[in-house]
Amino acid sequence: MASLVGIVAHALPCVQRVLKMSHKKILLVLVAFSMLSLLLHKTNRFSWYHKTFYYSCSTSGRTPKHTAIAFLKTHKTASSTVQNILFRFAERNNVTVALPHHSCDHQFCYPRNFSTRFVHPYTLPPRIITNHMRFNASELRRLMPNDTLYVTILREPVAMFESLFSYYNQYCLSFKRVPNGSMETFLNHPLRYYRPNDKFSMYAHNTLVYDLGGDNDHGNEAARDAYIEGFIREMETVFSLVMIAEYFDESLVLLKHLLSWDLEDMVYVKLNMRTKESKLNITSSLPDKIRAWNSLDSRLYNHFNTTFWKKVHEVGAACVEKEVQLLRQAQERLMRTCFGDQLRLRSATQIKNKELRPWQPSSKVNIIGYDLPGNLSSSSQEHCLKLVMPEIQYSRYLLKKQSLKNRRKVIQRQPPKAMVKQANNRAGLVQATAVKPIRHQ
């Protein structure tokens, strides 16, 4: 109400001046006012942000947004969606992202242990790193700033293993040699098909531990218990936040608090999703077999799922839930902005824009993406395009953008043409007056 009174108070002198104007001037003012109102309406229409986004659980003073982040992108854990959030934040805030060298494609030469050699030189020095890698803390500390916060995400092992078995069935030899591609057959006798030295064998056994840099095939059962306890303690010292895929929105709220970001920085759409037909049936007998076969992953997940809820209660469960609701409201506005009344989920072959077609792992798995309507404004087109752009295309786009930025810096450091010409003239003069060397016959 106070703000409304203020607006009226400011508007009164303007109204008095308008009354003194001629009819022609009044008409011009009305036209200008109408155009301004229309512009403001359109601007608001194409924004999914809202004043309620300034609500925060934190009662302390606002700190600058943290930009030094190492996100370990684990496999089949909704990590592509988190990566997209980080990519878009980096672009908006002019933050350099470490990207893989061409020889590594869009991953940091996974499944090899991460090395700084795998980073493209045009993306140095970085503040954010998020593409797939096998975690190597010592190498990352060499690359990233001292104030880097380390974050990762885990997924419940049963759902994760089903996704891995389906997605990598034609790549992982341990899966490929199973008759009829049956997950149940594999789990009945996993050691009959699993070979630790096979290509891509890490997708078949304790993949989370492997991605985190651990030994996914460690010893017998007694040795594994001691090993995973020590491994968990080590991970606790490294990662400031371990997100949980099953509580994705709650995880984003915790990440928002850790980084001092706004909720508007966390808006997203789900990426790298399979169709229902691509998912395998999990019978009642399989979950226990999956957890037993991936016992290290199960211990890891159970521990960090517990610590996750401790962090939620530290922030305040009611406050976290409030911000989750605000985030979901923003998701709805975002969907209407980018897709109208109909969400345009498509198979890769149906998507007209090649930059939006997700990678297909095999003919047996259908990864769906998004097709944007053709009537979006230029400003909304840019926002929505990046929002739904798959990992491979976005990585290549950022590499090209940062390479151009790097070249401009090199050109700016070069001396002006006049100075170069003057230096060349001096060099020519020295050469002309120099004593000619004796030519040996």
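Gln107 sits in the loop between β2 and β3. Gln107 counts as buried because its relative accessible area is 16%; buried means under 20% relative accessible area, exposed over 50%, and partly exposed in between, with a 1.4 Å probe and protein chains only.

Before going further, a word on what you are looking at. This is a predicted model, in which local features need pLDDT of at least 70 and side-chain atom pairs count only at pLDDT 80 or more, while totals for chains, interfaces and linings use all residues. Residues are numbered from 1 along each chain as its sequence is written, and side-chain values use heavy atoms, with hydrogens and water left out.

Now step back to the whole chain. Its secondary structure comes to 17 helices and eight strands; helices (H or I, at least four residues) and strands (E, at least two) are DSSP runs, numbered from the N terminus. Of the 441 residues in the chain, 46% are buried. Among contacts with a separation of 6 or more, 73% involve residues 24 or more positions apart. The chain exposes about 24,500 Å², and carbon and sulfur atoms supply 56% of that; such areas come from the Shrake-Rupley method with a 1.4 Å probe, and for residues only the protein chains shown count as cover.

Next, find the sheet. Five strands form an open sheet in the order β2-β3-β1-β4-β5, with parallel pairing. The edge strands, β2 (97-98) and β5 (241-244), each pair on one side only. Here, two strands pair if DSSP finds at least two bridges between them. Strands of a sheet pair through backbone hydrogen bonds, either parallel or antiparallel.

Follow strand β1 (residues 69-72) first. Two bridges join β1 to β3 (residues 128-129) in the parallel sense. Ile69 has Ile128 as its bridge partner in β3, and Ala70 stands opposite Ile129. Strand β1 also pairs with β4 in the parallel sense, over four bridges. There, Ile69 stands opposite Leu149 and Leu72 stands opposite Thr152.

In a regular strand the side chains alternate between the two faces of the sheet. You can see this in β1, where Ile69 and Phe71 point one way and Ala70 and Leu72 the other way, all of them buried. Strand β4 repeats the idea: Leu149, Val151 and Ile153 point one way, Tyr150, Thr152 and Leu154 the other way, and all are buried. Because six of the six residues of β4 are buried, this strand is largely enclosed by the rest of the structure. Moving on across the sheet, four bridges join β4 to β5, which run parallel, and Val242 in β5 is the bridge partner of Thr152.

Helix α11 (residues 248-259) lies across β1, β4 (149-154) and β5, running at about 160° to β5. Helix α13 (residues 295-315) also packs on the sheet, touching β4 and β5, and its direction makes about 105° with that of β5. For these angles, axes are lines fitted to C-alpha atoms, for helices over the stretch in contact, and angles run from 0 to 180 degrees between N-to-C directions.

Finally, visit Tyr171, in the loop between α5 (157-167) and α6 (173-176). Tyr171 counts as partly exposed because its relative accessibility is 32%. Beyond residues up to four places away in sequence, Tyr171 touches Lys199, Phe200, Trp359 and Pro361. Lys199 is 28 residues from Tyr171 along the chain, with 8.0 Å between their C-alpha atoms. The side chain of Tyr171 reaches the backbone oxygen of Pro361 at 2.9 Å.

Notes
Contact means heavy atoms within 4.5 Å. A polar contact is a pair of N or O atoms within 3.5 Å; within protein, one must be able to donate a hydrogen and the other to accept it, and residues adjacent in sequence count only if both atoms are side-chain atoms.
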